[in-house]
Amino acid sequence: MKGNDPAFVEAARLVKKFFPESTSFISEVGLDWDAFLGAMMTANYEADYSCCPFRNPTDPDLGLAQKGGLDGEEDEVYSRLLSHAEFTPSGRAVVILDAIGNEGWSTEQCPPFICASQAVPQRISEIACFGQSRDTIFVFESGESLLVDHDERVHWARSNVNQQWKKACEPSHAREPAVGPVSSGESSPPAP
């Protein structure tokens, strides 16, 4: 992702905000998938290479290929990836479609976009995000990030700094304020 276009500038700003570990990995000239991967590796990072056609026997295989991998409609693949990473993103999402490597395409023709996390499946259903020669990054306001690289390796991480994802995973009763003590045996007067 490169450029001075407002879409690129705003996407970079929000990526730094949502996934603070990326701040030192985003340069003035842009954000590349491999640099962002470096930021992910400093956080709560996992990877699954099971869909990679060039996978070595020692590469991580967490069974994504057996669940359907990256085959299917874009929104189906996206839902499968969220389930596999055990993500329930909330807030806004930044989607960076790095299409370099496809003849006739450039990052200017595939600008990043920002939308509500729940709107991502609808937005990507019209765009080819997954597959060889594509690097796609999803960064969520809740502190989660997901990267599918051009070799169909899947990487995901939860920010150690932005821990809103922990709040989203808490049971609702743990987030509710405590109720004051109930007086013993006394009843409250009826409301007027």
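In the predicted model, R153 counts as buried, because its relative accessibility of 17% falls below the 20% cut-off for that class. This arginine is placed in the loop between β5 (144-148) and β6 (154-158), where its side chain is joined to that of D149 by a polar contact of 2.6 Å. Leaving aside residues up to four places away in sequence, R153 touches W33, D48, Y49, C52, L147 and V148.

The loop between β5 and β6 also holds E152, which has a positive phi of about 65° although it is not a glycine. With a relative accessibility of 17%, E152 counts as buried, since the limit for this class is under 20%. A positive phi is likewise found at E86, where the angle is about 60° and the residue is again not a glycine. E86 belongs to the loop between α3 (74-85) and β2 (92-98), and its relative accessible area of 62% places it among exposed residues, for which the value must be over 50%. The two glutamates thus have positive phi values of about 60° for E86 and about 65° for E152, while E86 is exposed and E152 is buried.

With regard to the cysteines, a search of the whole structure finds zero disulfides. C51 is accordingly in no disulfide, and the nearest cysteine sulfur, which belongs to C52, lies 8.9 Å away, whereas a disulfide would require the two sulfur atoms to be within 2.5 Å. C51 counts as buried, given a relative accessibility of 14%, and C115 is also classed as buried, at 9% relative accessibility. C52, the residue that carries the cysteine sulfur nearest to that of C51, is one of the residues touched by R153.

At the level of the whole chain, the protein has six helices and six strands, and these elements run from the N terminus in the order α-α-β-α-β-β-α-β-β-β-α-α. Of the 192 residues in the protein, 45% are buried. Among contacts with a separation of 6 or more, 56% are accounted for by residues 24 or more positions apart. The accessible surface of the protein comes to about 10,400 Å², and carbon and sulfur atoms contribute 50% of this area.

Note on methods:
Residues numbered from 1 in each chain as written. Predicted model: local features only at pLDDT ≥ 70, side-chain atom pairs only at ≥ 80, totals over all residues. Heavy atoms only, no water. Helix = DSSP H or I, 4+ residues; strand = E, 2+ residues; numbered from the N terminus. Buried < 20%, exposed > 50% of the residue type's maximum accessible area, 1.4 Å probe, protein only. Contact = heavy atoms within 4.5 Å. Areas by Shrake-Rupley, 256 points an atom, 1.4 Å probe, with all protein chains shown as cover. Polar contact = N/O pair within 3.5 Å; in protein donor to acceptor, adjacent residues only side chain to side chain.
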